[in-house]
Amino acid sequence: MSTPFPFTAVVGMDDLRLGLLLNAVSPAVGGVLVRGEKGTAKSTAVRALAALLPEVPVVTGCRFSCDPAAPDPRCPDGPHGGAAGEARAARMVELPVGASEDRLVGALDIERALSEGVKAFEPGLLADAHRGVLYVDEVNLLHDHLVDLLLDAAAMGASYVEREGVSVRHAARFLLVGTMNPEEGELRPQLLDRFGLTVEVAASREPDLRVEVVRRRLAYDDDPAGFAARWAGEETALRERIVAARALLPSVRLGDTALRQIAATCAAFEVDGMRADIVMARTATALAAWAGRTDVTADDVRQAALLALPHRRRRNPFDAPGLDEEKLDDTLEEFRSDEFQGDEDPDPDGPDDPGGPGGGGGQPPCGGPEGPEAPAQDGPAHDDTPAPQETDAPPEPRPEGGQPRAGAGEQSPVRSAEPFRTKVLSVPGLGEGAAGRRSRARTERGRTTGSRRPRGALTKLHLAATVRAAAPHQRARGRSGPGLVVRRDDLRQATREGREGNLVLFVVDASGSMAARRRMSAVKGAVLSLLLDAYQRRDKVGLVTFRGKDAEVALPPTSSVDAAAARLESLPTGGRTPLAAGLLKAHDVLRVERMRDPARRPLLLVVTDGRATGGRDPVALAARAARLHAADGTASVVVDCEAGPVRLGLAASLAGELAGTAITLDELRADSIAGLVRDVQQRSDGHCEGYVTGDPRRAA
């Protein structure tokens with residue numbers, strides 16, 4: 001087994017280390033979500049935590065880690081009355097992003113269950129993580145069906161495995177720790193709320209701190225065992241402090257004033273539900289125990305709010321997490337009382353500050369045996385907005401002050417209108433892409449539509465089809481009792497139909513014909529609404545814009561919808577309308593994506609008024625480019641942005657060349673009367689095959 005990087009050797013990252021240590025002191029805090037850019041030691045710190053966790057007593061031989069003092073009466077390996085116990089290290093179990101459902105919850109041998117009546121159960125990762133840590137790297141990329149299983153286990157403290165009436169249940173209480181890069185997409189709100197705390201990490205811009213990071217990493221790579229041995233003293237001291245804080249935790253008093261401050265803070269930031277209040281209370285108590293105190297102070301409440309609330313106050317996926325600290329301080333001061341007076345600045349040499357990491361403020365150590373304490377990380381706050389993509393175009397000239405100025409015929413970006421709920425746009429036919437919520441597809445979850453012979457391991461048994469396959473052979477197999485004689489060749493896999501996520505590629509006209517401020521604001525609002533819809537339906541998104549003389553990929557296909565929203569918000573307008581260039585650039589993007597992920601079907605959304613300028617016969621060039629998409633079978637929708645009393649209908653002509661459909665901005669709204677009338681007309685004419693603009697269940 002490889003030697004892990006010591007936790008105490010991690011440089012800086014005070015909030016990250018504090019969040020992990022508080023969960024080690026009080027697992028009831030509910031885990032921690034670590035958000036940050038790549039290469040910031042997120043995974044290193046989380047994996048290093050396992051070595052600091054106290055040992056846990058378990059029943060000898062129990063695969064589900066039952067506590068000898070209070071064994072689970074429904075444990076599949078039980079009953080454990082009077083069973084011997086042993087101590088072992090707490091487990092850090094990693095859940096791979098591509099894990100199967102059976103790997104997570106466990107697997108039942110259906111063949112033995114049907115023929116012998118035996119519940120042959122192989123435990124999964126949830127059983128391994130019971131009373132330990134379940135770590136999910138890149139948790140935002142986890143498939144929806146695994147997220148659902150995690151939510152169920154986290155809510156009930158148990159895992160249920162059911163296959164055609166055969167059921168197994170076991171305890172599954174674990175500390176959930178996840179890391180993610182926000183540029184790769186956000187988490188579902190339900191899973192986000194399950195994390196007790198969240199911390200943001202970013203690489204420091206302080207040269208001395210970066211030097212220390214490199215020095216320690218190189219030393220570890222050269223001699224992992226020797227490097228760990230040099231930090232063994234600090235690791236032991238920190239482990240002992242965790243044990244002491246756990247012992248002190250039941251004695252910590254959470255006074256009425258602290259409770260009122262917690263409740264007032266959650267109300268002031270309009271946090272949904274009561275989980276935030278409970279997590280803040282547990283976190284403040286853990287902070288006091290970590291600092292060696294038996295009373296919760298106002299500083300503990302403030303620190304708890306900074307850790308427990310940022311990810312709970314988001315109202316849509318485009319909101320940046322974070323808290324207004326001035327508002328937080330005002331709220332705490334308003335509900336302050338004499339109970340907290342005199343305990344805000346404890347004597348650093350007194351009993352309220354036992355020394356070592358976290359004294360007074362609860363911060364973990366930063367120094368170590370290799371030199372003086374490294375400076376505190378003071379890099380700028382992490383900005384979730386991705387860096388602009390490089391293009392072949394020369395950089396825009398900048399005036400004094402470093403701000404880009406609008407070029408000839410170019411207008412500065414305008415703010416988007418308020419987003420709205422859009423109609424459902426989907427790809428026709430039946431796909432086999434990644435699970436999502438947009439288009440029909442063959443999936444592992446959904447309604448059963450038929451059966452087939454299993455390819456590999458059986459995951460979803462079609463019981464009726466299996467019985468029909470086995471029934472004709474019972475006499476030949478010598479059946480004599482009530483049981484059905486089932487062979488592996490009889491087993492049938494259920495085929496299911498659900499929904500898939502698609503690649504939604506936006507091609508946005510940013511030319512001068514769209515430059516009227518009110519008009520462009522409405523267009524941006526429509527695209528933002530479609531992006532929000534793509535987020536909710538688990539799509540990948542990309543953004544191509546065209547104006548002036550050429551088109552550019554403003555955002556390559558990604559799962560980060562908020563990154564696309566940020567690019568859209570900063571989009572300037574002006575110049576000519578190279579529509580053909582935009583369509584050709586989109587064709588190149590889709591060609592590459594088909595090679596990368598052939599199963600993910602694309603949906604092309606062209607946002608334009610249909611005008612084309614520049615070059616010889618630009619309209620014909622645009623039509624030729626559109627026919628390339630039609631030849632590839634790409635599902636296409638043109639969002640017609642034409643306004644005014646006189647309309648040329650160019651967007652509808654473009655949709656015809658794309659073999660797609662055209663809808664106006666007004667028809668895009670889910671509550672649009674015009675769109676509803678148009679939808680009814682399509683159905684009455686038999687033209688509803690294609691892009692669903694109403695209820696997908698009716699169209700299907």
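The structure is a predicted model, in which local features need pLDDT of at least 70 and side-chain atom pairs count only at pLDDT 80 or more, while totals for chains, interfaces and linings use all residues. Residues are numbered from 1 along each chain as its sequence is written, and side-chain values use heavy atoms, with hydrogens and water left out. The chain contains 23 helices and 22 strands; helices (H or I, at least four residues) and strands (E, at least two) are DSSP runs, numbered from the N terminus.

**The chain as a whole**

- Of the chain's 700 residues, 49% count as buried. Buried means under 20% relative accessible area, exposed means over 50%, and partly exposed lies in between (1.4 Å probe, protein chains only).
- Accessible areas come from the Shrake-Rupley method with a 1.4 Å probe; for residues, only the protein chains shown count as cover.
- Among contacts in the chain with a separation of 6 or more, 79% are between residues 24 or more positions apart. Contact means heavy atoms within 4.5 Å.

**Leu16, a buried residue of helix H1**

- Leu16 belongs to helix H1 (residues 14-25) and is buried, at 0% relative accessibility.
- When neighbours within four places in sequence are left aside, Leu16 is in contact with Val34, Ala41, Lys42, Ala45, Val199 and Val201.
- Leu16 and Val201 are 185 residues apart along the chain, yet 7.1 Å separates their C-alpha atoms.

- Helix H8 has 16 residues and reaches 23 Å from its first C-alpha to its last, close to the expected 22 Å at 1.5 Å a residue. The expected span of a helix is 1.5 Å times one less than its number of residues.
- The buried residues in H8 are Leu209, Glu212, Arg216, Ala219 and Tyr220. They lie on the same side of H8 because they cover an arc of only 100 degrees around the axis. The arc is that of the directions from the helix axis to the C-beta atoms.
- An α-helix has 3.6 residues a turn, so residues three or four places apart point the same way.
- Pro207 and Asp222 are exposed on the other side of H8.
- Helix H9 (224-230) is included in what covers the buried residues of H8.
- Val213, Val214 and Leu218 make a nonpolar surface patch of about 250 Å². Patches are made of residues with over 30% relative accessible area and no salt bridge; like charges are joined within 9 Å, nonpolar side chains (Val, Leu, Ile, Met, Phe, Trp, Tyr) within 5 Å.
- Val213 lies in helix H8 (residues 207-222) and is partly exposed, with a relative accessible area of 41%.

**Salt bridges**

- Side chains of opposite charge can pair when their charged atoms come close. A salt bridge is a side-chain nitrogen of Lys or Arg within 4 Å of a carboxyl oxygen of Asp or Glu; by this rule there are 30 salt bridges.
- Glu200 and Arg35 meet through their side chains in a salt bridge (2.6 Å, N to O). This pair links distant parts of the chain, with Glu200 in strand E11 (residues 197-201) and Arg35 in strand E1 (residues 32-36), 165 residues apart. Glu200 is partly exposed at 33% relative accessible area, whereas Arg35 is buried at 2% relative accessibility.
- Asp221 and Arg217 form a salt bridge whose closest N and O atoms are 3.3 Å apart. Both residues lie in helix H8, four residues apart, about one turn of the helix.

**Helix H20**

- Ala651, Leu654 and Ala655 are buried in helix H20 (residues 650-657). They are placed on the same side of H20 because they cover an arc of only 100 degrees around the axis.
- The cover over the buried residues of H20 includes helix H18 (579-596), strand E20 (602-608), helix H19 (618-632), strand E21 (635-640) and strand E22 (661-664).
- Ala659, which follows H20, has a positive phi, near 60 degrees.
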